[in-house]
Amino acid sequence: MTDVATAPKVEEKLFQNRYLVDAGKPHIKVRAHEVPSAGLLSMTKLCPAGCYALTESGQVEVAADGCLECGTCRIMTKTTGEIEWNYPRGGFGVLYKFG
Amino acid sequence: MANVEDKFDAIVVGAGPSGNAAAYTMAREGLNVLQIERGEYAGSKNVQGAILYADALEKIIPEFRDEAPLERHVIEQRMWTMDDTSHTGMHYRSSDFNEAKPNRYTILRAQFDKWFSSKVKEAGALVLCETTVTELVKDLTGTVIGVRTDRQGNPIYADVVVLAEGVNGLVGQRSGLREEVAADSVALAVKEMHFLPRETIEARFNLKGNEGVVIEAMGTITKGMTGTGFLYTNEESISVGIGCIVSDFAQSQVSPSELLEAFKAHPSIAPLIEGAEVKEYAAHLIPEGGYKAIPQLTGEGWIVVGDAGQFVNAVHREGSNLAMTTGRLAAETVVRLHRLGEEMSARNLKDYETRLEASFVMKDLKKYKGIPALLHRNKGTFFGAYPRLISQAMQTWFRVDGVDKKSKEQAILRNFRQTRTLRGLIGDAWSVARAWR
Ligand SMILES: Cc1cc2nc3c(=O)[nH]c(=O)nc-3n(C[C@H](O)[C@H](O)[C@H](O)COP(=O)(O)OP(=O)(O)OC[C@H]3O[C@@H](n4cnc5c(N)ncnc54)[C@H](O)[C@@H]3O)c2cc1C
Ligand code: SF4
């Protein structure tokens with residue numbers, strides 16, 4: 001089993017990747033909410049790039065700079081509509097060298 | 001968009017294998033084709049294991065072996081059932097696979113798609129990258145007549161729009177052509193690229209030249225979720241990944257990146273990638289709902305190919321070949337109508353569906369239509385209990401410890417029947433057999 005202490009953190013993994021960030025134009029936004037749905041809340045664990053976090057006051061926020069554009073968060077909130085999800089502007093976002 | 005003429009015979013949305021197959025086939029037959037891709041170049045957004053099945057590409061570009069960036073041809077397939085400390089393997093290796101025209105290759109999608117896109121351009125299509133299609137343009141009757149993009153300018157018009165936009169098919173969804181994908185019919189996969197000198201890879205896997213090995217694994221590595229792990233040898237790297245159904249991740253609350261770390265640390269996997277330098281971490285969805293999840297495929301002025309149409313055979317890990325085949329068949333339909341001067345109406349485009357029915361694509365998807373639901377219902381058994389039982393049986397059988405073989409046999413049977421009643425065992429075998437038919 002993995003030794004949690006030595007396993008690389010997601011941020012370190014993302015560090016290997018190439019991105020072209022569209023500064024000031026995040027392609028994913030979480031709509032203002034009081035209490036997140038179970039689906040939105042689960043993104044704090046499920047996002048493969050660790051983009052989602054829980055604030056102290058219990059809301060879910062997103063920082064999409066490291067987003068891998070998989071689409072999981074959109075599917076997890078499709079019935080609640082808590083996330084506004086778009087592709088980054090053409091040419092921006094993650095740039096896979098190998099894929 | 002000043003430099004783009006305003007009416008094409010066809011617009012293709014996306015430059016993955018399905019879009020490239022469609023654009024290439026139509027352009028080669030003389031149609032005036034515009035292909036739009038949101039990535040910096042074709043492939044820069046795309047992720048695959050990746051095994052390329054030669055047959056589908058050969059039917060489009062017969063001489064591809066001379067030019068395409070291929071990593072290794074596959075001479076050995078390993079199928080592993082894993083528990084936490086072991087794997088039970090079924091390996092098939094044959095020198096027959098060292099044939100003049102090998103059947104399967106490992107590839108790197110970012111590089112492969114870029115090459116395929118260069119062929120599309122050579123065939124005469126106009127390829128516009130760094131451009132995201134934002135919506136379909138319809139006329140008053142609801143017929144699709146073109147697209148709008150995130151670049152400034154007027155809509156771009158065409159007789160037909162081929163939607164090759166992949167699993168996150170926002171254009172089709174937001175235009176009401178199909179529903180959002182359901183969490184229980186799509187898998188999330190994470191993958192890393194591990195670089196090692198080619199001699200090291202060849203020594204570790206007993207390979208010569210460009211021979212390659214692929215490993216598909218299932219078992220407790222997915223922590224009770226429906227999913228599989230994989231490890232593929234490339235020329236100077238190893239692709240390692242794992243994927244599970246999204247609704248299973250939601251239920252288990254397991255982090256995908258931690259799941260991959262645990263898979264990499266498994267005693268059967270760790271020595272294979274030891275000392276490698278990791279150069280990329282990727283994530284992508286795989287549509288795995290099978291036949292029952294296929295959406296409407298044609299309409300007035302539009303046609304759907306590849307992952308956007310859920311064309312993946314999850315049982316056999318085939319997707320890119322279905323993408324290329326559906327792209328080609330859609331293109332052949334459009335070319336024929338164009339030649340006859342017929343409209344790209346829903347009725348005429350249905351010919352694509354007839355072609356699909358006659359091909360391996362629909363035959364295979366139909367054959368396995370019961371599998372996704374079966375795995376979903378029995379994930380605890382198939383991805384937990386059975387892998388453990390198999391490992392325990394192997395260990396009981398191979399460990400020499402003074403216990404006689406008859407008692408060992410009885411212990412193994414008892415173990416199976418304690419975990420799964422006899423009815424359960426027979427029921428499982430029966431439902432697998434039925435879903436497999
Ligand atoms: C981890 C993993 C392993 C896999 N392993 C295998 C394997 O070993 N063998 C195999 O055959 N298959 C495999 N598959 C499946 C295979 O990758 C897919 O079936 C295949 O890529 C589908 O091709 P496509 O062209 O339909 O979609 P994609 O390859 O996803 O291409 C869609 C393209 O459209 C572009 N696009 C999307 N929306 C827009 C827009 N609005 N505007 C402009 N451009 C847009 C995207 O950027 C992308 O380039 C695997 C998949 C994954 C995720
Ligand atoms: S698209 Fe995928 S990587 Fe990006 S924020 Fe959503 S879950 Fe995370």
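1. Basis. The model is predicted, so local features require pLDDT of at least 70 and side-chain atom pairs pLDDT 80 or more, whereas totals for chains, interfaces and linings use all residues. Residues are numbered from 1 along each chain as its sequence is written, chains are lettered from A and ligands numbered from 1 in the order written, and side-chain values use heavy atoms, leaving out hydrogens and water.

2. Helix geometry. In chain B, helix 1 (residues 17-28) packs against helix 3 (residues 109-122) at an angle of about 15°, and their axes are 9 Å apart. Helices here are DSSP runs (H or I, at least four residues), numbered from the N terminus. The two helices of chain B are therefore roughly parallel (angles under 35 degrees). Their crossing is left-handed (the near helix turned anticlockwise from the far one by less than a right angle).

3. Helix contact. From helix 1 of chain B, B:Pro17, B:Asn20, B:Ala21, B:Ala23 and B:Tyr24 meet residues of helix 3 of chain B, including B:Arg109, B:Phe116 and B:Val120 (contact means heavy atoms within 4.5 Å). The residues of this contact comprise six nonpolar, two polar and three charged.

4. Ligand site. Ligand 1 lies between chains A and B. Of the 40 residues around ligand 1 (a heavy atom within 4 Å), those coming nearest are B:Ser18, B:Glu37, B:Arg109, B:Asp307 and B:Ser320.

5. Polar contacts of the ligand (pairs of N or O atoms within 3.5 Å). Oxygen atoms of ligand 1 are approached by polar side-chain atoms of B:Ser18, at 2.8 Å, and of B:Glu37, at 2.5 Å. For B:Ile51, a polar backbone atom is 2.8 Å from an oxygen atom of ligand 1.

Note on methods. Axes are lines fitted to C-alpha atoms, for helices over the stretch in contact, and angles run from 0 to 180 degrees between N-to-C directions. Angles under 35 degrees count as roughly parallel, over 145 as roughly antiparallel, 65 to 115 as roughly perpendicular and the rest as oblique. Ala, Val, Leu, Ile, Met, Phe, Trp, Tyr, Cys and Pro count as nonpolar, Asp, Glu, Lys and Arg as charged, and the others, Gly among them, as polar. A polar contact is a pair of N or O atoms within 3.5 Å; within protein, one must be able to donate a hydrogen and the other to accept it, and residues adjacent in sequence count only if both atoms are side-chain atoms.
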